[in-house]
Amino acid sequence: MSKAIKQNLADSKKMSAELFCLTYGAMVTEMLKDYEDPKDVTIQLDKMGFNMGTRLADDFLAKNANVPRCVDTRQIADVLCRTAIPCYLGVSATASSWTSGDREFTITLESNPLTELVQVTPNLVSAGLSYSQMIAGAIRGALEAVHFKVYASATDSGSNTEIRIRFDQVLKDSLPAGEDD
């Protein structure tokens, strides 16, 4: 592929990402008008993200056949930070702040494409708006699609976005026959 074609593809992806971010910002603004309570908007963003995540899990597994099956939260965090988040958000992520027993951890995004073109006012945050909750919901949905029930919440602080993930259980009732580890 020529250098000019590669540059055009990169420019096209950047424009698509910027369009998505602007559209997301407009959607959140409209939701704030419709729901009035920022906490309700956060709940809706989480639901939307969850639905996206359940579909993204299939896409991720189809594109990354070499990813091993995760058996613990450290492996889940590794796949999320090294493969999934860079693939879908185009940013680096790190896992930290592990609790004893490795049941809870924080993923920190170096930069968040959703927040690059907007400024969320502190009064909305203090009123309960989690602007990036759609990302946390997508992670929750994707993990549930592969039989891990987790709780996830997003916090935007300055230039970083932190997603706190707490493992709840393996959803064995949903496993196909013969896969009851």
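**Ground rules.** I number residues from 1 along each chain as its sequence is written, and my side-chain values use heavy atoms, with hydrogens and water left out. As the model is predicted, local features need pLDDT of at least 70 and side-chain atom pairs count only at pLDDT 80 or more, while totals for chains, interfaces and linings use all residues.

**Overall fold.** I looked up the secondary structure and found 5 helices and 4 strands (DSSP runs numbered from the N terminus: H or I of at least four residues for helices, E of at least two for strands). Along the sequence they follow α-α-α-β-β-α-α-β-β. Of the 181 residues, 34% count as buried (under 20% relative accessible area, with exposed meaning over 50% and partly exposed in between; 1.4 Å probe, protein chains only).

**Cys-21.** Next I went to helix H1, residues 3-35, where Cys-21 lies. Is Cys-21 buried or exposed? Cys-21 is buried, because its relative accessible area is 5%. Leaving aside residues up to four places away in sequence, Cys-21 touches Pro-113, Leu-114 and Leu-117 (contact means heavy atoms within 4.5 Å).

**Asp-34.** I stayed in helix H1 for Asp-34. Asp-34 is exposed, because its relative accessible area is 56%.
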